[in-house]
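Subject: Structure for your review

Dear colleague,

Please find below the structure I am handing over to you. My findings follow directly after it.

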Amino acid sequence: LALPFAEPMVGDPGGAEVRVLLAEDNKVNHKLFLRQLINVGITKVDSAYDGREAVDLARQERYSLILLDLNMPVMTGLQAARAIRDLPTFTPATPIVALTANHSAAHEPDSRDAGFTMFLNKPLSAHDWKVLASMARPPTTSRGAAGGPPVPFPRE
């Protein structure tokens, strides 16, 4: 179930390469998510295993998409999302997606305030992976290009 909080642009309007940051502390989930990203054509993925690592990587690199588990050690996904959005090098159009096995409507205000674009509940469906791939890829038409309107997040 995808719960969008904003209407992000799909991909990077500057046409940069597709690069994803995946922050997930569970090694089995991490490996599965990497495989699924490859299955949808995303091969440039930087991995973090806690929130602090995710922030450090986001400080060094620009990403097309950031995937954060909510329950990570050192720094939670909420804390990491806030810290990443506050980085001077962060591009506001970059979607940050919360990955969680324990979604509750009570979490939505905090997640929205932290800067998450949307929630995805684990396990992710094939549709979820296609949506993530479309969010990460540069637009193929003039829609969503710099100066144009953002492309709304696809809904189920």
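The side chain of Asp-46 makes a polar contact with the side chain of Tyr-63 at 2.6 Å, and a further one with the side chain of Arg-19 at 3.1 Å. Please bear in mind that this is a predicted model. Asp-46 belongs to strand 3, residues 45–48. Its relative accessible area is 16%, so Asp-46 counts as buried, the cut-off being under 20%. Beyond neighbours within four places in sequence, Asp-46 is in contact with Arg-19, Val-20, Leu-21, Leu-22, Leu-57, Glu-61 and Tyr-63.

Most residues other than glycine have a negative phi, and most peptide bonds are trans. Val-74, in the loop between strand 4 and helix 3, has a positive phi, near 70°. With a relative accessibility of 66%, Val-74 is exposed. The peptide bond from Lys-122 to Pro-123 is cis, with omega near -5°; Pro-123 sits in the loop between strand 6 (118–121) and helix 5 (126–136).

With kind regards

Conventions. Residues are numbered from 1 along each chain as its sequence is written. This is a predicted model: local features need pLDDT of at least 70, side-chain atom pairs count only at pLDDT 80 or more; totals for chains, interfaces and linings use all residues. Side-chain values use heavy atoms; hydrogens and water are left out. Helices (H or I, at least four residues) and strands (E, at least two) are DSSP runs, numbered from the N terminus. Buried means under 20% relative accessible area, exposed over 50%, partly exposed in between (1.4 Å probe, protein chains only). A polar contact is a pair of N or O atoms within 3.5 Å; within protein, one must be able to donate a hydrogen and the other to accept it, and residues adjacent in sequence count only if both atoms are side-chain atoms. Contact means heavy atoms within 4.5 Å.
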